[in-house]
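Dear colleague,

I am passing the structure below to you for your records. My notes on its strands and helix contacts follow.

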Amino acid sequence: MLSKEQTGMPLSIQYPLRDLRQFVDKVQKENNDKFATICFFGGEPTLNYEKIEAIITSFDKVKAYEINFILHTNGLLLSKISDKIADKIDVVFLSLNYDKLLCGGRISNYYLDISKSLNAIKQKHKMSVIGRLTITSETSLTTACLLMENAFDYIYWQIDNREQVDKIAEYKVVYKSEIASLFDYWISNLRCGKVLNYIPFLSIVKNLADNIPAPKNYFCGYGFYSIFIQTDGSCYTCCEAVESSKHKIGDIRGGIKFLDMDITNKCLNCLYLKLCGGRCGRMHKDFSQERITDFCELNIYTFKLIIDALPQLQQILNSNPAFRKALDDYHIDYTEQTP
Ligand code: SF4
């Protein structure tokens, strides 16, 4: 449920919750889909726990499909979550602010407070937590992952998803070097029997090892299953474009249609489609070809690192059932998979 002040959208939900329930029932039925994932998204959804509880309650008596609830948060108000909500939330996506992780070379109170809240919640409630990080030119991916490893069940990162980034040549050099170090660290842990749930690596290894068929839709769900509902009830297929008519798919009263949102020819003709899944549908519509090529270059660099290590990874896979289990973990599908 989104509320972006700058879009001119109302800050709170304007439609009756029965309309939302009817919309979800209808979409599930039309698609003969027995599973729904309902994600609380922002802005910052934890600013309005009452509404979250009301929405969860409005789905209490659903029989036709199973629901997973996901909370997407910055974590600052997580300590205030009620038991009633926490009992229903299956997955928390916690977006971390890298700039605040360290303070003068030491672990910051920001990070310690978030870790404490997570520990307290997880002692009482069964939920998994995915730490999410945007990689800007100031981010050390390796430092962040090593810090986050103990507090989070899974780690997912995304390359800075803006149309333009300053000093892109430097950004690319740093990102590649960080990915190479992190992959080295990840595989050395695997050799010792320890599986680190770094989702981008797990996803690539899984798709390679299982030789999956080329996807027909974006891994991120753009133009396929991702529906983001604005506060006025209008629906978009990308969480980063909830004000743009290019990504609008309808509204909860009139229904939705995904038009002109298929995976691009560039991706269909790409050798790496099985590993990449097209990365981001919005990127292909909104960004310049030059910028898209930057993303492709960085992800292809990662694919090649993993392809080169595949014989080793296969050996580990044959001898460590925990690695196979990690590759089959459904949490991978909750992310875009490709940074
Ligand atoms: S690497 Fe680029 S062209 Fe290839 S599938 Fe990914 S986004 Fe598409």
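**Strand pairing and helix packing**

Gly 250 is positioned opposite Ile 256 in β11. The model is a predicted one, in which local features need pLDDT of at least 70 and side-chain atom pairs count only at pLDDT 80 or more, while totals for chains, interfaces and linings use all residues. Residues are numbered from 1 along each chain as its sequence is written.

Strand β10 (residues 248–251) pairs with β11 in the antiparallel sense over 2 bridges (strands are DSSP runs of E, at least two residues, and helices runs of H or I, at least four, numbered from the N terminus; two strands pair if DSSP finds at least two bridges between them). Both belong to an open sheet of 4 strands, ordered β8-β9-β10-β11 with antiparallel pairing. β8 (228–229) and β11 (255–256) are at the edges with a single partner strand each, so one side of each has no neighbour in the sheet.

Turning to the helices, α7 (residues 199–209) packs with α11 (residues 289–308) at an angle of about 60°, their axes 10 Å apart (axes are lines fitted to C-alpha atoms, for helices over the stretch in contact, and angles run from 0 to 180 degrees between N-to-C directions). Pro 200, Phe 201, Ile 204, Val 205 and Leu 208 of α7 meet Thr 302, Phe 303, Ile 306 and Ile 307 of α11 (contact requires C-beta atoms, placed from the backbone, within 7 Å).

The axes of α5 (residues 141–148) and α6 (residues 168–191) come within 8 Å and cross at roughly 35°.

Yours sincerely

Conventions
Contact = placed C-beta atoms within 7 Å.
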